[in-house]
Amino acid sequence: MADNRPIGIFDSGIGGLTVLREIIAAVPNESTIYFGDDGRSPYGTKSHDTIINYSLQDMKFLKEQDVKMIVIACNTASTHAYKTLSSMCDVPVVEVVVPGAKAAVEATRNGRIGIIATRATIGSGVYEAAVREYGKDIEGLEVISQACPLFVSLAEEGWWDNEVAYLTACQYLEPLKAAGVDTVVLACTHYPLLARTISKVMGPQVKLINSGVAVASVVKNILESNGIASDGRNVIRKFYTSDDPKLFERVAAPFLGRGLPSGTKRVQVDKYDT
């Protein structure tokens, strides 16, 4: 029997829309509800406990919308809150760290993998640990991690492929180039928007891993294996933000690469006391 309940996706802001875009591409018959916590963004500068608290509130809001799955489309929230959320939720919870790490291990040819992310994600060490876990059979595996906090601001400003973005990328990515990595994990959902600039700096021989693509594959597999796929009737796309809806839509449209979103509503998730 078909399950036409929506998939819930949340992020600290609009970056998770790059994950939503890949989910829509992979399972277009599925309805989706997206919540961007722009009013409290970024999560990457918050403490571990605050990130967990915010993520729990986001989850409770989505659960109230009767979703059948929750996707944590935020690397920082995945890093800090996935275990807590998955232990407290009665629907499948998907995070972005493991799919991205596995994809990187499968892609590397020389065993040198770069990870670029927010300071919170890099500081947690979870991404590196995941890469090392799945790459334990790679002799001499090297993981080089680099925080690139300004990439988020550049992505939201729409400065994806200009001189400022290029010079910033040159500065951040120099350690990865010096280490000779052949694979780079874009371990922040904003970073795929700067993929062209990052590739220009790193060179065409370096494979960029967009975690959103790997996450969409996981979502599709769970829908099929759990028997909760939709039959494609009455597909909906709903958007919520904790900030101004019009501002959200104006900044978010390029992330999706289409006319969406529209009809965004504002919600204050801090009322979902944890």
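Two worked exercises on a predicted model follow.

**Exercise 1: cysteines**

Task: How many disulfides does the model have, and why?

Solution: 
- Start with the cut-off: a disulfide needs two cysteine sulfur atoms within 2.5 Å.
- Take Cys74. Its closest cysteine sulfur belongs to Cys188, 7.5 Å away, so the pair is too far apart for a bond.
- Turn to Cys188. Its closest cysteine sulfur is that of Cys74, again at 7.5 Å and too far for a bond.
- The count is therefore zero disulfides.
- Now check burial, where the limit is under 20% relative accessible area. Cys74 has 4%, so Cys74 is buried. Cys188 has 7% and is buried too.

**Exercise 2: sheet and helices**

Solution: 
- Write down the order. The six strands run β4-β3-β1-β2-β9-β10, with parallel pairing.
- Read off the edges. β4 (93-94) and β10 (265-266) each have a single partner strand, so one side of each lacks a neighbour in the sheet.
- Look at the β4 end. β3 (residues 69-72) pairs with β4 in the parallel sense, over two bridges. Ile70 has Val93 in β4 as its bridge partner.
- Helix α2 lies across β1 (7-11), β2 (32-36), β3 and β9 (237-241). It runs at about 155° to β1.

Methods: Residues are numbered from 1 along each chain as its sequence is written. This is a predicted model: local features need pLDDT of at least 70, side-chain atom pairs count only at pLDDT 80 or more; totals for chains, interfaces and linings use all residues. Side-chain values use heavy atoms; hydrogens and water are left out. Buried means under 20% relative accessible area, exposed over 50%, partly exposed in between (1.4 Å probe, protein chains only). Two strands pair if DSSP finds at least two bridges between them. Helices (H or I, at least four residues) and strands (E, at least two) are DSSP runs, numbered from the N terminus. Contact means heavy atoms within 4.5 Å. Axes are lines fitted to C-alpha atoms, for helices over the stretch in contact, and angles run from 0 to 180 degrees between N-to-C directions.
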